[in-house]
Amino acid sequence: MSDQKRLKVTEVEDVTVVEFKDRKILDDVQIQEIGQEFNDLVEVDKKRSILLNFSHVEFLSSSALGKLISLDKQVKQQDGHLKMSNIRPEIMEVFAITRLNKLFDIKDDVPDALAAFRG
């Protein structure tokens, strides 16, 4: 497993559960590091079932959304699945405005998301 500075990565059966260490994902350097860690998960570690748990995230900048879209594309290109959970209402509102709620597979919580991988 690659060294993770911005993400906490755990495995639950065959699903890679990713939690963000930062509460606010705002600055460019931080977002670039997250993007690199996402890339490493898919390209280096060959993860195909990824769950992003947003339970610690209070704020997400628009450039961070770009990294989520890129991760989604990468995972799909590898015939994998990306799901998201525990998204705060204010972040969910941004997803709705940008119509990303239609692109991403978003579940209420981790157990729901894990069950969706098996279903």
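Hi everyone, let's start at Leu103: leaving aside neighbours within four places in sequence, Leu103 is in contact with Ile69, Asp72 and Lys76. Do keep in mind that this is a predicted model.

Where does Leu103 sit? It lies in helix H4, residues 100-103. Leu103 and Ile69 are 34 residues apart in sequence, yet their C-alpha atoms are 8.5 Å apart in space.

Let's move on to helix H2, residues 62-77. For those of you who like a geometry check, the 16 residues of H2 should span 22 Å at 1.5 Å a residue, and the end C-alpha atoms are 23 Å apart, so the two agree. The buried residues of H2 are Ala64, Leu65, Leu68, Leu71, Asp72, Gln74 and Val75. After H2 comes Asp79, which has a positive phi, near 60 degrees.

Now for the core. The largest nonpolar core has 26 residues, and the members touching the most others are Leu52, Leu60, Leu68 and Phe95. Two or more residues come from each of strands S2, S4 and S6 and helices H1, H2 and H3.

Let me zoom in on Leu60. Not counting residues up to four places away in sequence, Leu60 touches Ile25, Phe54, Leu65, Leu68, Ile91 and Phe95. Apart from this core lies another one, of seven residues, including Leu51, Ala113, Leu114 and Phe117.

Technical notes: Residues numbered from 1 in each chain as written. Predicted model: local features only at pLDDT ≥ 70, side-chain atom pairs only at ≥ 80, totals over all residues. Heavy atoms only, no water. Core = buried A, V, L, I, M, F, W, Y, C linked by side-chain atoms within 4.5 Å. Buried < 20%, exposed > 50% of the residue type's maximum accessible area, 1.4 Å probe, protein only. Helix = DSSP H or I, 4+ residues; strand = E, 2+ residues; numbered from the N terminus. Contact = heavy atoms within 4.5 Å. Expected span 1.5 Å × (residues − 1).
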